[in-house]
Amino acid sequence: MGDDIKAVLTNPTVDVVLAGRVLGIGKNAAYSAARDGSLPAFKVGGQYRVPTAKLREMLGLPAQPPATIAA
């Protein structure tokens, strides 16, 4: 899970499966949420992407990523 949170904090978008993992929901539920709009997502080339700013907001994390992440 640590790598998942690091991805959320350092990338502008993540895939739906990773977003689902950090939210504690399964793959099917995450795709369903992306389709119905309860998980903010957009399609790029047939793949859903989740903006990490919105995901951080949903998780109660700072909206802006930190300047540096300790390894």
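The model is predicted, so local features are reported only at pLDDT of at least 70 and side-chain atom pairs only at pLDDT 80 or more, while totals for chains, interfaces and linings use all residues. Residues are numbered from 1 along each chain as its sequence is written, and side-chain values rest on heavy atoms, with hydrogens and water left out.

The secondary structure comes to four helices and three strands, where helices (H or I, at least four residues) and strands (E, at least two) are DSSP runs numbered from the N terminus. Read from the N terminus, the order of elements is α-β-α-α-β-β-α. Of the 71 residues in the chain, 27% are buried; here buried means under 20% relative accessible area, exposed means over 50%, and partly exposed lies in between (1.4 Å probe, protein chains only). The accessible surface of the chain is about 4400 Å², and carbon and sulfur atoms hold 54% of this surface. These areas come from the Shrake-Rupley method with a 1.4 Å probe, and for residues only the protein chains shown count as cover. Among contacts with a separation of 6 or more, 45% are between residues 24 or more positions apart, a contact being heavy atoms within 4.5 Å.

The strands can be taken next. Three strands form an open sheet in the order β1-β3-β2, with antiparallel pairing; two strands pair if DSSP finds at least two bridges between them. In general, strands of a sheet pair through backbone hydrogen bonds, either parallel or antiparallel. The edge strands of this sheet are β1 (13-15) and β2 (42-44), each of which pairs on one side only. From one strand to the next, the twist averages 45 degrees, with axes taken as lines fitted to C-alpha atoms (for helices over the stretch in contact) and angles running from 0 to 180 degrees between N-to-C directions.

On one side of the sheet, β1 and β3 run antiparallel and are joined by three bridges. Within this pair, valine 14 stands opposite valine 50, and threonine 13 has proline 51 as its bridge partner. Three bridges also join β2 to β3, again antiparallel, with valine 44 opposite glutamine 47 of β3. β2 and β3 form a hairpin with two residues between them, and glycine 45 in the turn has a positive phi of about 55 degrees.

Val14 and Val50 return in the largest nonpolar core, where they are among the residues with the most contacts inside it. A nonpolar core is a set of buried Ala, Val, Leu, Ile, Met, Phe, Trp, Tyr and Cys residues joined through side-chain atoms within 4.5 Å. This core has 14 residues, and Val16, Leu18, Ala19, Leu39 and Leu55 are also among those with the most contacts. Two or more residues come from each of α1 (2-10), α2 (16-23), α3 (27-36) and β3 (47-51), and α2 gives the most, with four. Beyond its neighbours within four places in sequence, leucine 18 is in contact with Asp4, Ala7 and Val8.

Which residues does aspartate 4 touch, not counting those up to four places away in sequence? They are Leu18, Arg21 and Val22. The side chains of aspartate 4 and arginine 21 meet in a salt bridge at 2.9 Å, N to O, the rule being a side-chain nitrogen of Lys or Arg within 4 Å of a carboxyl oxygen of Asp or Glu. Because aspartate 4 lies in helix α1 and arginine 21 in helix α2, the pair ties together parts that are 17 residues apart in sequence. Aspartate 4 is buried, at 11% relative accessible area, whereas arginine 21 is partly exposed, at 42%. The count by this rule is one salt bridge.

Helix α4 (residues 52-59) contains arginine 56, which is buried at 3% relative accessibility. Arginine 56 lies 34 residues from valine 22 in sequence, and their C-alpha atoms are 9.9 Å apart in space. Threonine 52 is also in helix α4, and is buried with a relative accessible area of 1%. Leaving aside neighbours within four places in sequence, threonine 52 is in contact with Ala7, Val8, Asn11, Pro12, Thr13 and Val14.
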